[in-house]
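Subject: Handing over a structure

Hello,

Here is the structure I promised to pass on to you. Please have it open while you read, and my notes on it follow below.

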Amino acid sequence: MDNNLIKWDLDLIKRYDLAGPRYTSYPTAVQFDPQLTPIDLVQAGQKTADPEAPLSLYVHIPFCEHICYYCACNKVITRSRKKAQPYLDTVYQEMAQLAAWYSHGRPVTQLHWGGGTPTFISHEQMVELMGQMRQHFNLLDDDSGDYSIEIDPREASLETIKLLRAIGFNRISLGLQDIDPKVQEAVNRVQSVEQTAAILKEARQLGFRSLNLDLIYGLPYQTQAGFNATLDTVIEMNPDRLSVFNYAHLPDRFRPQRHIQEETLPSPEVKLAILESTINKLLDAGYVYIGMDHFAKPDDELAIAQRTGNLHRNFQGYTTHAECDLVAMGVSAISQVGSVYYQNEHEISAYSQAVAANQHAIKRGISLTGDDIIRREVITQLICHFELDKRPIEQKFAIRFDEYFSDVLTELQALAADGLITLDEHRLQVTPSGRLLIRRICMVFDAYIPKVQSTQRFSRII
Ligand SMILES: C[S@@+](CC[C@H](N)C(=O)[O-])C[C@H]1O[C@@H](n2cnc3c(N)ncnc32)[C@H](O)[C@@H]1O
Ligand code: SF4
């Protein structure tokens with residue numbers, strides 16, 4: 001399948017510009033059930049997990065020194081570096097419990113520190129945290145795992161990058177967002193191109209792979225010409241992957257966004273124009289559209305995995321590690337073990353108290369039903385590969401696809417009539433015009449979305 005096939009169809013985009021989940025999981029986190037006890041969840045996870053399968057570990061480090069006004073991540077803004085150690089000590093306590101539940105020598109083929117700003121912690125603390133992870137889990141020593149970290153270039157020196165490589169990281173993701181000084185000032189994130197380029201260069205020289213840059217479109221004062229200039233500079237920096245996120249302005253939910261004046265935001269028409277030229281520019285520059293907000297070089301593992309049918313999606317987004325259980329630690333972290341998902345307490349104080357009392361901070365989760373698992377497989381196939389062969393699903397789950405999903409056939413036919421998908425006896429194929437609307441297509445298979453729906457809680461698709 002040629003992944004560069006995306007057709008910009010403004011009529012369709014406007015017609016289907018509905019809200020929709022991002023499907024980093026199915027069912028999505030809004031379905032988590034606070035009635036299930038942590039012990040129920042852990043036991044169900046242990047029972048359904050493959051004891052031989054590798055692990056993916058995630059640590060959430062929530063601190064940032066400065067607030068970026070647009071930010072929707074779970075973070076704590078503080079200048080006080082003293083807050084890091086008590087938090088890390090709590091993470092170590094939680095880690096010991098998680099290792100006792102799930103490690104059993106299973107190889108850790110994927111590891112990620114996210115935030116917040118993981119490099120908020122000191123170099124000594126980074127060494128200590130990785131040391132604790134090695135002590136409790138079976139980390140690989142031959143650089144064959146994907147060990148990645150999110151970096152704010154304003155919060156990392158070249159020494160930091162060297163240290164991270166020395167302790168085992170081999171992937172890096174940098175926040176950039178936009179290079180226009182006016183946009184940067186409006187969102188309180190002033191960051192020079194030189195700063196970002198220097199970190200990227202150092203990382204490349206040190207052998208980091210799959211270098212990623214995050215951009216956001218829809219920020220104050222952005223224009224098509226201005227964002228094109230950002231893209232030109234970014235393309236010159238030559239990252240292996242790019243995430244281009246749509247800014248979701250929800251000031252009622254994210255208080256710092258109140259610093260952003262609505263009248264400075266680009267109109268929906270300008271946002272669409274920015275998205276269209278972003279796609280064109282990145283495809284022209286040789287990137288492949290992976291899906292949703294993600295682009296990668298054709299020789300990057302994500303693009304290869306998509307070509308070979310091995311791409312997967314989990315709480316960290318697109319991944320090549322379908323076989324892993326995801327064991328997550330830290331405030332608000334979400335785990336996926338066997339057929340169970342669960343999330344930790346959201347606030348540091350509640351998280352710390354819970355770990356002190358119970359050795360874990362599981363707040364709520366979900367144990368998937370057989371139907372959830374079938375639908376998860378269908379949605380994952382579509383969102384990762386833009387096509388669905390019904391036969392492997394029928395074999396794996398012993399169902400007749402058209403019978404099992406008979407209630408959505410009319411809806412699928414309507415999408416086909418509108419040109420988002422094509423249908424034949426065995427396959428559902430997303431058309432080039434449908435690719436940007438993949439969330440809308442997946443929603444057809446989501447049993448938790450009432451067919452006459454209220455979709456307010458989701459960020460807009462486009
Ligand atoms: C945890 S941050 C990245 C690490 C680091 N804290 C930094 O800012 O460089 C993850 C990414 O989420 C994206 N992001 C944060 N808030 C967003 C929002 N409201 N809308 C869209 N993307 C957002 C940004 O691109 C950001 O780089
Ligand atoms: S974008 Fe990154 S640095 Fe800025 S507030 Fe959010 S998590 Fe912190």
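Let me begin with the second largest pocket, which is lined by 35 residues. Nearest its centre lie His312, Ala322, Gln336, Arg376 and Glu377. A pocket here is an open set of points on a 1 Å grid over the protein atoms alone, with protein on both sides within 12 Å along at least five of seven lines, and lining residues have an atom within 4 Å of a point. A cavity, by contrast, is a set of points where a 1.4 Å probe fits but cannot get out.

Before going further, please note that this is a predicted model, in which local features need pLDDT of at least 70 and side-chain atom pairs count only at pLDDT 80 or more, while totals for chains, interfaces and linings use all residues. Residues are numbered from 1 along each chain as its sequence is written, chains are lettered from A and ligands numbered from 1 in the order in which they are written, and side-chain values use heavy atoms, with hydrogens and water left out.

**The second largest pocket**

The volume of this pocket is about 670 Å³, where volume is the space filled by probe spheres set on the grid points, joined across faces, edges and corners. Strand E12 (312-314), strand E14 (325-329), helix H12 (370-385) and helix H13 (390-397) each give at least two residues to the lining. Helices (H or I, at least four residues) and strands (E, at least two) are DSSP runs, numbered from the N terminus. Which element supplies the largest share of the lining? That is H12, with seven residues.

Sorted by class, the lining holds twelve nonpolar, 16 polar and seven charged residues. In this scheme Ala, Val, Leu, Ile, Met, Phe, Trp, Tyr, Cys and Pro count as nonpolar, Asp, Glu, Lys and Arg as charged, and the others, Gly among them, as polar.

Leu382 belongs to H12, and it counts as buried because its relative accessibility is 0%. Buried means under 20% relative accessible area, exposed over 50%, and partly exposed in between, with a 1.4 Å probe and protein chains only. The C-alpha atom of Leu382 is 6.9 Å from that of Cys442, although the two are 60 residues apart along the chain. Arg375 is also in H12; at 8% relative accessibility, Arg375 counts as buried.

Phe386 sits in the loop between H12 and strand E18 (387-389). Its phi is positive, near 60°, and at 0% relative accessibility Phe386 is buried. Further along, Asp389 caps the N-terminal end of H13, with a side-chain oxygen 3.0 Å from the backbone nitrogen of Arg391. After H13 comes Ala398, with a positive phi near 50°.

**The two ligands**

Ligand 1 has 20 residues around it, the closest being Tyr70, Gly116, Gln177, Arg189 and Asp214. A residue is near a molecule if one of its heavy atoms lies within 4 Å of it. By class, this shell has nine nonpolar, seven polar and four charged residues.

Polar contacts are pairs of N or O atoms within 3.5 Å; within protein, one must be able to donate a hydrogen and the other to accept it, and residues adjacent in sequence count only if both atoms are side-chain atoms. An N or O atom in the side chain of Arg189 is 2.7 Å from an oxygen atom of ligand 1, and a polar side-chain atom of Asp214 is 2.8 Å from an oxygen atom of the ligand. Thr117 places a polar side-chain atom 3.4 Å from a nitrogen atom of ligand 1.

Ligand 2 is surrounded by residues including Cys64, His66, Cys68, Cys71 and Asp152. Tyr70, Gly116, Thr117 and Arg189 are also among the residues around ligand 2. Its shell has four nonpolar, three polar and three charged residues.

**Backbone points to look at**

Most peptide bonds are trans, and most residues other than glycine have a negative phi. The bond between Gly115 and Gly116 is cis, with omega about 15°, and Gly116 lies in the loop between strand E4 (107-115) and helix H4 (123-136). The bond from Tyr26 to Pro27 is cis too, with omega near -5°.

Best wishes
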